[in-house]
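Thanks for coming. I have one model to go through today, so please look at it on the screen while I talk.

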Amino acid sequence: MCTVAHSDPSASSVVDGGLSDEFAVPSHVEDVKKLMVEFAERHGSAGRRVVLITSGGTKVPLESRTVRFLDNFSSGRRGASSAEYFLYSGYAVIFLHRHRSLYPYSRLYTGVNLLDSLRLETDKDNGQVLVDQKALPNIATVLKSYQAVKATGLLLPVEFNTLSEYLHLLKAAAQALSSIGSKAMFYLAAAVSDFYIPASEMPEHKIQSSNGPLQISMKMVPKMLNPLVKDWAPQAFVISFKLETDPSILLERARRALDIYNHQAVVANVLDTRRGYVVVVTKDTQHELVLTDEEVQNEVEIEERIVSNLTKAHSQFMSQV
Ligand code: 9Z3
């Protein structure tokens, strides 16, 4: 059995979100930050808006020489498909994603065994390899879009593995984007763990089942939204996501997040229906975005609607500051 002890949540929302006290800064963060600063300045000075998308789940280790960890369900599909729609809408995109979660464009072929879609032109080992376009539907169109995005430098992919990397890279991204003010959008779709075990309290070696049932006590992960909105990128347009499994508490939780963090919008969704129904909640409005059965059949994606709704709201936000 696994017991989770709840501690005082306010204790982790002090200066810097408690980040520097609890999580060591990974060595590559400064280098990645320079890339993000350069990306924001290049696109900002070209008059382009920049969105930082977070995507995928997080793993929380139970042992420092990790055999076991707590994970979550997130595939990264929301983040990866939204990145494509933002690019299509003219945004430059920093895609902060968990290693091996879904990636823009290639996400469309994750269910395909690559070797089943290729064939050799001749028997020679150095001959051309051809693609069976039936095995990779729309591959030519998708490849063109992907290559155009690469050639124009509109997508900056940044990977994280650990929770600590995610938190520090988000802070670095927020600081990097502060230079472009209200042209920056944060689209925080990653499913980040609320709980973790501090390194000082983690056993070094594999937990032994011979010691009997396991009890774990976890601390609250610092809430990054608070310093992000208040200190790191105070002029930016900030969207968080709220996930629940009980639809009856969804909107109340979304409104509560807006009250606490004072950001611009919450995209509220329920685990089972997240592909076809979300509500975009702001302080004064509430927009339901719904796909019909026919739209689902025609492979319309709800991210297209979410991005369309938010890019319009971003324009309005920018015109008011
Ligand atoms: C979401 O709610 C995303 O929409 C999903 C997308 C993770 C459900 P997939 O990656 O799923 O396409 O499989 N993200 C935020 C989830 C979250 O943990 N939010 C926190 C909360 O609900 C607030 S930051 O408390």
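Let me start at Val51, which lies in strand β1, residues 50-55; helices (H or I, at least four residues) and strands (E, at least two) are DSSP runs, numbered from the N terminus. Val51 is buried, at a relative accessible area of 0%. Here buried means under 20% relative accessible area, exposed over 50%, and partly exposed in between, with a 1.4 Å probe and protein chains only.

Before I go on, the ground rules. This is a predicted model, where local features need pLDDT of at least 70, side-chain atom pairs count only at pLDDT 80 or more, and totals for chains, interfaces and linings use all residues. Residues are numbered from 1 along each chain as its sequence is written, and side-chain values use heavy atoms, with hydrogens and water left out.

Back to Val51. Neighbours within four places in sequence aside, Val51 is in contact with Phe86, Tyr91, Ala92, Val93, Ile94, Met185 and Tyr187, contact being heavy atoms within 4.5 Å.

Tyr187 in turn touches, among others, Leu52, Ile53, Phe86, Phe241 and Leu310. Phe186 and Tyr187 have the most contacts inside the largest nonpolar core, which has 92 residues. Such a core is a set of buried Ala, Val, Leu, Ile, Met, Phe, Trp, Tyr and Cys residues joined through side-chain atoms within 4.5 Å. Helix α5, residues 163-177, gives the most to this core, with 10 residues. As background, nonpolar side chains tend to be buried together in soluble globular proteins.

Now the whole chain. The protein chain has nine helices and 14 strands. Its radius of gyration is 21 Å, close to the 20 Å that the globule rule gives for 321 residues, so the chain is as compact as a globular protein of that length. That radius is taken over C-alpha atoms, and the rule is 2.2 Å times the number of residues to the power 0.38. Buried residues make up 44% of the 321. Of the contacts with a separation of 6 or more, 73% are between residues 24 or more positions apart.

Finally, the backbone. Which residues have a positive phi without being glycine? One is Arg100, with phi of about 75°, in the loop between β4 (92-98) and β5 (118-120). Arg100 counts as exposed, at 77% relative accessibility. Another is Asn138, with phi near 60°, in the loop between β6 (129-131) and α4 (139-152). Asn138 is exposed as well, with a relative accessible area of 58%.
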